[in-house]
Amino acid sequence: MYSGPFRPIFVGLLACMILGIYSCTETKPKLSVDKMTNLLLELHLAESYAQQIRIDTLGRSMPNQDSLRSMNAALLKKYQVSEGDVEQSLQWYSQQPELLDSMYQQMLSELAVMASKNDR
C-alpha cells in the first residue's frame, strides 16, 4: 500500500467516499405502512390496557409490565415481526413526519370506529 506523505489524505478521501456512498443508499422500513399502522395501534391499545389492569388501594392505576410484555410478544408473533424490525421501521417512519402523522390519523379514525361500536 502507498506509504508516502499523502497517505493520510488518501485514506481520509477514501473514508469520505465510502461514507458518502453508504449514506446515499436509502434504507426502507421493514414493515409496510399498513402493517406498521395496525401494529402500532394494537401496541398502543395493549399499553393502555396494561395501565388499567391493576388498581392500588388508593384507586390509582399501576402498570402491569408482565402483562404488557406478554401482550407485546403476542403481537410480534401475530404480525410475524421481530422487535428489531419494529424499531428499525419506527425509526425510519419517525424521519418521515408527514407519513407518520398520516399513520396516526388513520389510527385515530380506527379508534373512533371502535368507540362507536362500543357505544351501541
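Me: Why is Arg69 called exposed?

Reply: In this predicted model, Arg69 has a relative accessibility of 51%. Exposed means over 50%, so Arg69 counts as exposed.

Me: What makes Asp66 count as buried or exposed?

Reply: The relative accessible area of Asp66 is 54%. The cut-off for exposed is over 50%, and Asp66 is therefore exposed.

Me: How do you know that Asp66 forms a salt bridge with Arg69?

Reply: The closest N and O atoms of Asp66 and Arg69 are 2.7 Å apart. A salt bridge requires a side-chain nitrogen of Lys or Arg within 4 Å of a carboxyl oxygen of Asp or Glu, and the pair is therefore given that name. Because Asp66 and Arg69 are three residues apart in helix α3, about one helical turn separates them.

Me: Which residues of α3 are buried, and why are they said to line one face of the helix?

Reply: Leu68, Leu75, Leu76 and Tyr79 are buried in α3. Viewed down the helix axis, the buried residues fall within an arc of 100°, so they line one face. On the other side of α3, the exposed residues include Lys77 and Lys78. After α3 comes Gln80, whose phi is positive, near 55°.

Me: What makes the contact between Glu42 and Lys78 a salt bridge?

Reply: The N to O distance between the side chains of Glu42 and Lys78 is 2.9 Å. The limit is 4 Å, so the pair qualifies as a salt bridge. This pair links distant parts of the chain, with Glu42 in helix α2 (residues 33–53) and Lys78 in helix α3, 36 residues apart. The structure holds two salt bridges.

Me: Why is Glu42 called partly exposed, and why is Lys78 called exposed?

Reply: Glu42 has 22% relative accessibility and so counts as partly exposed, a term for values between under 20% and over 50%. Lys78 has a relative accessible area of 53% and is therefore exposed.

Me: Why does Ser89 count as buried, and which residues does Ser89 touch?

Reply: Ser89 has 0% relative accessibility and so counts as buried, since buried means under 20%. Ser89 belongs to helix α4 (residues 83–94). Leaving aside residues up to four places away in sequence, Ser89 touches Pro29, Lys30, Leu31 and Met36. A polar atom of the Ser89 side chain lies 3.0 Å from the backbone nitrogen of Lys30.

Conventions: Residues numbered from 1 in each chain as written. Predicted model: local features only at pLDDT ≥ 70, side-chain atom pairs only at ≥ 80, totals over all residues. Heavy atoms only, no water. Buried < 20%, exposed > 50% of the residue type's maximum accessible area, 1.4 Å probe, protein only. Helix = DSSP H or I, 4+ residues; strand = E, 2+ residues; numbered from the N terminus. Arc of directions from axis to C-beta. Polar contact = N/O pair within 3.5 Å; in protein donor to acceptor, adjacent residues only side chain to side chain. Contact = heavy atoms within 4.5 Å.
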